[in-house]
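Visitor: I would like to go through this model term by term. Please set each value against its cut-off.

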Amino acid sequence: MATSLKVDEDLSEEVSALLGIAGFDVTSILGQGWKGRKDPQIWSELQGEGRALVTGDKGFAQLAARPPHHGVVLLRPERESRVAFLRLARLAVDSGMLNDLENAILVVTETRLRIRRMK
């Protein structure tokens, strides 16, 4: 079964498309009409859906500090742009780390990927 992901509104629908092409079960905040919802509400609904969040918003890392949860993928480019976020999303896909996000935060930068497992 493919990892279920939701792409945050700060990322383009191209990130959603890239993840879908890579075989992930993916939806987006924008695609579901959730734009403008507060982070805690989104977080709660993600847990109900069983989805990990792909985002550029480091505020979700604070919410993920308290497990249990389905994971966060935090894309942190040096300079934010559509192309930079797509590049980091591709790095995350290629790493294989998107397949085990339960209670974890995966931080993807231009130079490295690191995963932090919450206890």
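Visitor: Which residues does T55 touch, not counting residues up to four places away in sequence?

Guide: T55 touches D8, D10, L11, F60, V72, V73, L74 and L75, with residues up to four places away in sequence not counted. Contact means heavy atoms within 4.5 Å. A word on the source: this is a predicted model, where local features need pLDDT of at least 70 and side-chain atom pairs count only at pLDDT 80 or more, while totals for chains, interfaces and linings use all residues. Residues are numbered from 1 along each chain as its sequence is written, and side-chain values use heavy atoms, with hydrogens and water left out.

Visitor: Why is T55 called buried?

Guide: Its relative accessible area is 0%. Buried means under 20%, exposed over 50%, partly exposed in between (1.4 Å probe, protein chains only). Therefore T55 counts as buried. T55 lies in strand β3; strands are DSSP runs of E with at least two residues, helices are runs of H or I with at least four, and both are numbered from the N terminus.

Visitor: What makes the pair of W43 and F60 tilted?

Guide: The ring centres of W43 and F60 are 6.4 Å apart, and the planes stand at 40 degrees. Rings of Phe, Tyr and Trp (its six-membered ring) pair if their centres lie within 6.5 Å; planes under 30 degrees apart are stacked, over 60 edge-to-face, the rest tilted. So the pair of W43 and F60 is tilted. W43 is in helix α2 (residues 39-49) and F60 in helix α3 (residues 59-64), 17 residues apart.

Visitor: Is W43 buried or exposed?

Guide: W43 has 10% relative accessibility, so W43 counts as buried. F60, at 0%, counts as buried too.

Visitor: How do you know that the buried residues of α2 share a side?

Guide: I42, W43 and L46 are buried in α2. They cover an arc of only 100 degrees around the axis, so they lie on the same side of α2. The arc is that of the directions from the helix axis to the C-beta atoms. On the other side of α2, P40 and G48 are exposed.

Visitor: What does the largest nonpolar core hold?

Guide: The largest nonpolar core has 21 residues. Such a core is a set of buried Ala, Val, Leu, Ile, Met, Phe, Trp, Tyr and Cys residues joined through side-chain atoms within 4.5 Å. α4 gives the most to this core, with 6 residues. A second, separate core of 14 residues includes I29, W43, L46 and L63.
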